[in-house]
Amino acid sequence: ENVFNKEAFIEDVKENVKNLYRKTLDEASQQEIFQAVSYTVKDVIIDDWLATQKAFDKQDPKMVYYMSMEFLMGRALGNNMINLKMYKEVKEALEEIGLNLDEIEDQEPDPALGNGGLGRLAACFMESLATLGYAAYGCGIRYRYGMFKQKIKDGFQVEVPDNWLKNGYPFELRRPEYSYEVKFGGYVRAEVTEEGKTRFIQENYQSVLAVPYDMPIVGYGNHVVDTLMIWDAEPMECFELDSFDKGDYHKAVEQENLARNLVEVLYPNDNHIAGKELRLKQQYFFVSASVQRALARYKKHHDDIHKLPEKVTFQLNDTHPTVAVAELMRILLDEEGLSWDEAWEITTKTCAYTNHTIMAEALEKWPIEIFSRLLPRIYQIVEEINRRFILQIQAEFPGDNGKVARMAIVYDGQVKMAHLAIAAGYSVNGVAKLHTEILKNEQLHDFYELFPQKFNNKTNGITQRRFLMHGDPLLADWVSEHIGNDWITNLAHIEKLAIYATDKKAQQEFMNIKYQNKLRLAKYIKEHNGIEVDPRSIFDVQVKRLHEYKRQLLNILHVMYLYNELKEHPDMDFYPRTFIFGAKAAAGYKNAKLTIKLINNVADVINNDRSINGKIKVVFIEDYRVSIAEWIFAAADVSEQISTASKEASGTGNMKFMLNGALTLGTMDGANVEIVEEVGKENAFIFGMSSDEVIAHERNRDYDPMQIFNSDQDIRKVLMQLINGFYSPNDPELFRDLYNSLLNTQCTQFADTYFILKDFRSYAEAQKRVMEAYKDEEGWAKSAILNIAHAGKFSSDRTIQEYVDDIWHLDKITVEV
Ligand code: 26V
């Protein structure tokens with residue numbers, strides 16, 4: 001075990017500044033110092049990384065390839081140092097030479113290769129896999145531009161490209177020796193071999209070279225370093241043109257463009273399919289390269305391809321990488337020469353699928369025209385899988401043509417990716433108990449009847465190393481002072497904190513830490529928004545992607561209502577509140593963008609109304625992202641988790657708030673259900689319809705928001721303020737579409753699709769309970785501490801262990817140094 005040597009570390013930093021920039025430390029910019037410190041940390045990682053690879057080779061463990069279009073990693077420097085157990089030492093060493101680690105960390109761009117929950121989950125999973133000592137590869141795309149940067153101009157969202165690689169990223173390693181060719185288009189020629197077998201050959205295709213960049217995933221204190229491999233596309237250098245194409249300049253340029261476009265940008269949609277051809281190209285590109293690399297690695301160590309499932313498993317993060325199923329079949333059939341039955345046997349023991357949403361708009365379906373033109377051989381294989389699958393359905397449910405129509409993989413001119421994933425996967429899991437039940441009983445009921453044994457639940461989790469140790473160091477240290485530090489690698493131990501919930505001194509200390517964190521955020525808000533917020537007010541926070549089903553609109557309508565109340569009854573009983581929002585809207589999502597504008601306009605009016613003495617403040621945090629999220633969770637009193645019941649598959653922000661001692665104000669949706677189960681409903685504020693009620697209304701189509709509008713004056717007043725210019729005097733029609741989405745049946749299929757008016761009163765009452773509860777400081781502190789103490793279940797370490805036990809069956813590795 002090497003001990004940290006301050007002097008040596010600082011010497012390394014100086015050496016790196018010199019070699020990278022030909023500068024001395026005092027001449028270097030903060031960005032240059034960030035680079036130098038990162039390279040110093042990378043030097044430490046490299047030895048463990050090498051040792052981990054050696055351990056893989058020697059111990060030959062079964063490994064998981066976590067296939068995902070998105071990895072929302074967030075900054076690496078701080079977390080790498082935490083997991084190397086050198087964070088505090090480095091901080092001190094840098095302080096001694098007059099450098100501030102927070103400021104240096106702040107130089108790192110957030111690698112934002114993901115949209116929201118699904119991408120961040122993948123990042124937490126990788127960290128937990130390494131910490132638990134499992135062999136894992138994350139497989140994804142090295143987008144040149146990640147999630148856009150959000151600017152707020154005149155209250156509107158403006159998207160700015162995120163050029164995260166512009167200064168060079170110190171934690172990546174280009175690995176050209178593991179490059180693979182990926183082919184698109186052309187046609188398939190069948191050829192009969194000398195042995196009388198039919199072979200399929202793709203001809204007249206375009207191709208690109210997939211070049212992997214590896215990023216280290218550092219386990220906590222165990223010297224295990226797993227790998228995130230993200231693929232870049234380059235033009236094939238001396239590609240083989242078919243004879244009649246020799247010297248085809250046009251084609252050469254085309255291939256150059258293909259490579260450039262492929263990995264240019266992350267599709268910034270969350271929960272909505274645009275059906276763009278380029279996205280399917282991206283999917284096949286990274287999947288094909290990843291499967292090729294996985295098989296090459298397997299074959300280096302093993303000679304019997306039939307035993308692949310004993311050493312390799314592919315986890316498909318939603319349907320986005322589902323072409324992996326057909327790509328694996330293609331390689332086994334066309335390159336390994338296996339029979340269909342042999343190839344299918346292997347494939348169906350190797351691939352497993354996770355579903356992350358029941359939102360119909362997010363279900364991936366590709367038009368046959370696009371799919372077959374882009375991936376001709378893959379399409380043939382999908383057709384054959386479909387043909388056999390339909391036979392199976394007919395055998396199982398004779399005469400039930402509805403089943404075939406609902407379950408076929410290729411139907412209605414489309415390829416249905418979820419159906420392919422379920423037919424070929426050996427496991428299908430949802431991401432919270434309620435979500436899995438809805439999949440089995442509603443969404444995927446037909447498939448559940450056919451394959452009950454495939455379905456299982458894996459409730460999501462989060463890594464406490466990032467979201468407590470790194471994001472909230474004061475609280476992390478306080479927890480360790482009271483119960484030791486076992487919680488760092490086994491969050492179940494945090495339960496020991498429960499006995500302090502009623503301890504007056506502990507309550508005081510906790511509230512003081514929360515206050516410090518609120519000061520930190522208040523300072524940030526002052527600097528970035530120019531808004532003065534009172535750190536003694538209740539920090540009520542909703543941060544997540546903007547989507548109608550997440551109901552940011554319900555939140556801001558309630559703020560408008562509270563403001564009306566306060567204006568009408570200036571002396572009413574009231575505790576000062578700060579409502580904090582953070583959210584990015586998909587660029588083409590009209591109502592989502594309008595909701596951002598509404599929040600900002602409401603903020604302008606309320607924050608500048610002197611007559612309410614600052615009792616309500618509204619803040620919209622620009623460019624919500626992983627790095628600022630860590631500070632926001634730490635500063636939150638109230639966690640807004642208010643999705644329409646049944647719509648939020650799990651949520652993971654809810655868990656991050658809980659671990660930082662915020663109380664949940666939420667519906668019985670997603671993992672909220674399990675949060676309440678753990679902490680007790682007396683320590684949360686639950687409101688609104690149940691998922692059963694929502695589903696029943698949807699089935700019966702018997703909900704009429706107009707009745708509520710007509711009978712509830714307060715609601716009517718708030719809604720009228722959307723169209724009478726109260727918050728947009730220069731353009732009274734500005735928020736008309738939001739008004740219409742709630743009331744006008746012409747506008748959408750149903751008015752108020754997400755039951756905002758229906759749940760409004762119940763939400764307002766829950767908000768009242770929040771205010772009353774906060775007045776009792778000891779009672780609040782008690783509930784907050786109990787939330788932390790009961791967050792144990794929500795560690796991604798627990799989630800990963802369940803994936804390992806029930807789905808992956810991986811072997812633990814040990815790394816000695
Ligand atoms: C879908 C699409 C559709 C095509 C365009 C790009 C794109 C990007 C992402 C998605 C996936 C949407 C599904 C998703 O993000 N689900 C979220 O997964 C979280 C982790 O399981 C979960 O906590 C959230 O509740 C769920 O909304």
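This is a predicted model: local features need pLDDT of at least 70, side-chain atom pairs count only at pLDDT 80 or more; totals for chains, interfaces and linings use all residues.
Select Arg701 to start: this residue is exposed, with 9 other C-beta atoms within 10 Å. Residues are numbered from 1 along each chain as its sequence is written.

Stay on Arg701. Its phi is positive, about 50°, although Arg701 is not a glycine. Arg701 sits in the loop between helix H26 (691-700) and helix H27 (705-711). Helices (H or I, at least four residues) and strands (E, at least two) are DSSP runs, numbered from the N terminus.

Now select Asp412. Asp412 is not a glycine, yet has a positive phi of about 60°. Look for Asp412 in the loop between strand E14 (410-411) and strand E15 (414-416). Asp412 is exposed, with 10 other C-beta atoms within 10 Å.

Next, colour by domain. Domain 1 is 1-59 + 76-108, domain 2 is 60-75 + 110-147 + 171-265 + 274-456, and domain 3 is 468-800. These bounds come from an automatic or database domain assignment. The C-alpha centres of domain 2 and domain 3 lie 37 Å apart.

Which residues make the contact? It takes 29 residues from domain 2 and 24 residues from domain 3. Two residues are in contact if their C-beta atoms, placed from the backbone, lie within 7 Å. Finish on the side of domain 2 that touches domain 3: select helix H6 (117-132) and helix H16 (433-443), the elements that give two or more residues there. H6 gives the most, with 9 residues.

Conventions. A residue is buried if 20 or more other C-beta atoms lie within 10 Å of its own, exposed if 12 or fewer, and partly exposed in between; C-beta atoms are placed from the backbone.
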